[in-house]
Amino acid sequence: MMIAGLSHNAQWVLLGTLILGTAAGIVGCFAYWKRQSLMSDALSHASLPGVIIGFALVGSKNLPVMLAGAAAGALLGALLIHWIRSSSRIKEDAAMGIVLSVFFGFGIMLLTMVNRMAGAAQSGLDSFIFGQAASMVQRDVWLMSGLALLVLIVAVVAFKEWKLFLFDAAFAKGLGLSGRFMNALYLFCLVLVIVVGIQAVGVILMAALLITPAVSARYWTDSFGRMVILSAVFGGVSGASGTVLSAYGNGWPTGPFIVLSAAALFIVSLAFGTRKGVVVQAVQQRRLRKELTKPKTERRTAEGGNAV
Amino acid sequence: MSYAGWILLTASLVGVSCGLVGTLLILRRMAMMADAISHTVLLGIVTAFLVTRELSGIHMLIGSVAAGLLTTLLVQWLHSLGVQQEASIGVVFTSFFALGVVLISTQAGNAHLDIQHTLMGEITFIPWEKSTLPLLGDVPEAVVTLSIVLAIVLIAIVAFYKEWKITSFDPALALSLGIPAGLMHYAFMGLVSITTVASFDAVGAIMVVAMLITPAASAYLWTDRLAVMMALSGAFGILSAVFGYYIALWLDTSISGSMAFATGIVFMFSFIVSPKHGILAKRLRPTASSA
């Protein structure tokens with residue numbers, strides 16, 4: 001797979017963002033049907049302090065440690081949201097907003113402090129905010145792709161269980177599928193995708209890669225299986241094309257370009273999606289109106305005949 | 001006034017305005033809408049800058065209110081097309097924010113507007129950008145803008161206090177009384193937008209969310225009365241701003257980040273010890289409500 005204008009490293013990165021986008025598209029569908037689209041936004045913001053603490057502990061850029069820190073931050077955020085919501089009168093949306101902004105503020109505090117450390121400025125910590133795929137080396141891509149593949153496998157192997165869990169939790173329980181286990185597995189997948197994605201897409205926009213492909217796919221089909229496949233394709237295409245686009249400029253952040261690619265696919269789906277696309281619906285309505293108005297006389301006689 | 005004095009005054013103005021608006025956000029369960037608007041305001045500011053090529057207050061205010069209202073409209077429209085509310089918020093604001101960042105990094109690269117600024121604000125520069133006012137002398141521009149916005153917010157809240165209260169707590173009653181709930185909704189989103197953009201310079205896109213949501217959520221744990229909640233929320237906003245400033249001085253770190261962190265400390269404190277809805281109080285008298 002040689003793509004003109006891209007260096008050898010960039011091609012590896014491209015493969016990585018392709019796999020990442022695919023995994024995010026699939027997990028995004030789960031999040032959509034759990035009505036937790038914005039939860040992914042809160043969790044990805046909450047991972048920032050973890051990344052910085054991971055960096056500070058080792059003292060140099062060590063991706064596995066930083067990603068472990070990110071996962072810890074995101075899980076702590078999820079726990080706090082759950083705790084605040086369940087033991088006080090604060091609603092879920094406010095709890096998410098609190099965790100999101102306070103964790104992110106804390107992350108920025110730590111980032112400013114760590115950036116003063118020797119060598120930290122070159123470590124590319126800033127690239128975790130908006131994502132910088134170009135900063136990834138081959139080893140990072142391997143790690144990222146490996147984790148994303150893990151999520152893909154979990155999603156595909158247990159597909160029937162996911163479907164049951166999302167659409168008929170009571171029936172799933174009756175069949176002996178532990179709701180608690182599935183919830184944990186879901187959170188595990190969500191956090192893993194976020195953690196894997198933050199280096200390429202950044203903590204601020206990671207949520208878009210989980211939300212937008214799923215919503216776009218919703219415009220094409222009512223079948224959950226097809227929605228997941230479409231969403232995975234949309235996610236993969238957005239990840240890859242965003243990476244290519246951002247490679248054309250010097251130091252352009254990758255995340256926003258990936259998100260804009262996803263948004264472009266969303267606009268196309270919104271207009272032409274076969275299930276509820278705006279243009280498609282307008283055309284159908286017009287055709288229906290024509291059918292109802294044009295052969296009025298024929299219909300009238302038919303109706304009249306029935307009545308008599 | 002001294003350098004630190006101006007910074008503290010600016011931050012306190014942000015705290016009060018956000019605290020007041022945030023109270024209504026919490027009660028109307030629109031906290032995540034504030035998150036969305038604080039992100040899309042960036043696109044409004046960038047567009048205004050690219051059109052007029054200047055970073056003056058009024059253009060930015062207009063651009064951001066337009067962006068805020070556009071966000072509200074789009075979210076509503078997508079929701080009416082059958083997308084879940086949460087998901088439509090997520091799609092709209094991430095796309096707008098991405099567009100804003102792309103425009104900054106490709107078009108406005110060497111201007112005053114940079115990505116760092118939009119995220120964290122530039123509160124340390126605010127005391128230097130002064131404008132001269134009659135009677136008051138040299139006052140930082142941000143303080144002037146924030147004071148005007150605070151005045152607008154106060155007037156809007158006081159003048160329509162009853163309407164806000166009814167539309168927030170009992171939308172059905174509001175409808176039957178003939179209060180235009182839809183108009184109130186958009187007016188409120190306009191208020192959120194101007195508060196956000198005025199605070200944007202001082203604390204940046206993400207910290208605005210902390211200032212809007214967290215003090216109000218903390219106040220919600222202390223009282224059941226709207227007026228008291230608003231006063232408390234404003235006070236918590238100021239407290240967090242001042243507290244955050246001194247944390248930042250102590251650790252020599254980002255001021256806006258520390259302020260966001262400080263709102264979290266105030267919230268955690270309220271969450272644990274509030275006599276009405278705190279978890280300690282609940283644990284100490286677990287059967288009080290049933291008895």
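Predicted model: local features only at pLDDT ≥ 70, side-chain atom pairs only at ≥ 80, totals over all residues.
Student: Which residue just after H1(A) takes a positive phi?

Tutor: That residue is A:Arg35, with a phi of about 55°.

Student: How many residues of H1(A) are buried?

Tutor: Burial is judged by counting neighbours: a residue is buried if 20 or more other C-beta atoms lie within 10 Å of its own. In H1(A), 20 of the 26 residues are buried, so the helix is largely enclosed by the rest of the structure. Over chain A as a whole, buried residues make up 53% of the 308 residues.

Student: What is the secondary structure of chain A, and what box do its C-alpha atoms fill?

Tutor: Chain A has 14 helices and zero strands. Along the principal axes, its C-alpha atoms fill a box of roughly 95 × 55 × 35 Å. Among the contacts in chain A with a separation of 6 or more, 72% join residues 24 or more positions apart.

Student: How are H2(A) and H10(A) oriented to each other?

Tutor: Two packed helices are described by the angle between their axes and the distance between the axes. Here the axes of H2(A) and H10(A) come within 8 Å and cross at roughly 165°. The two helices H2(A) and H10(A) are therefore roughly antiparallel to each other, and their crossing is right-handed. On the H2(A) side the contact is made by A:Ser37, A:Ser40, A:Asp41 and A:Ser44, and on the H10(A) side by A:Met206, A:Ala207, A:Leu210 and A:Ile211. By class, the contact of H2(A) with H10(A) has four nonpolar, three polar and one charged residues.

Student: Turning to chain B, which elements does its secondary structure contain?

Tutor: Chain B has twelve helices and two strands. The order from the N terminus is α-α-α-α-α-β-β-α-α-α-α-α-α-α. Of its 291 residues, 52% count as buried. Residues 24 or more positions apart supply 70% of the chain B contacts with a separation of 6 or more.

Student: What does the span check give for helix H10 of chain B?

Tutor: Helix H10 of chain B, residues 226–251, has 26 residues that should span 38 Å at 1.5 Å a residue; its end C-alpha atoms are 36 Å apart, which agrees. H10(B) is followed by B:Asp252, whose phi is positive, near 55°.

Student: At what angle do the axes of H1(B) and H10(B) cross?

Tutor: The axes of helix H1 of chain B (residues 3–27) and H10(B) cross at roughly 145° and come within 7 Å. The crossing of H1(B) and H10(B) is right-handed. Residues making the contact include B:Ala11, B:Gly15 and B:Gly19 of H1(B), and B:Gly234, B:Gly237 and B:Ala241 of H10(B). By class, this contact has 14 nonpolar, nine polar and no charged residues.

Student: How many residues of chain A are in contact with chain B, and which helix gives the most?

Tutor: An interface can be read by size, then by contributing elements, then by residue class. Here 45 residues of chain A are in contact with 49 residues of chain B. Helices of chain A that each supply at least two residues of this side include H2, H3 and H12. H4(A) gives the most, with 15 residues. The chain A side divides into 29 nonpolar, nine polar and seven charged residues.

Terms used:
Residues numbered from 1 in each chain as written. Chains lettered and ligands numbered in written order. Contact = placed C-beta atoms within 7 Å. Helix = DSSP H or I, 4+ residues; strand = E, 2+ residues; numbered from the N terminus. Nonpolar A, V, L, I, M, F, W, Y, C, P; charged D, E, K, R; others polar. Axes fitted to C-alpha atoms, helices over the stretch in contact; angles between N-to-C directions. Parallel < 35°, antiparallel > 145°, perpendicular 65-115°, else oblique. Left-handed = near helix turned anticlockwise from the far one by under 90°. Expected span 1.5 Å × (residues − 1). Buried ≥ 20, exposed ≤ 12 C-beta atoms within 10 Å, placed from the backbone.
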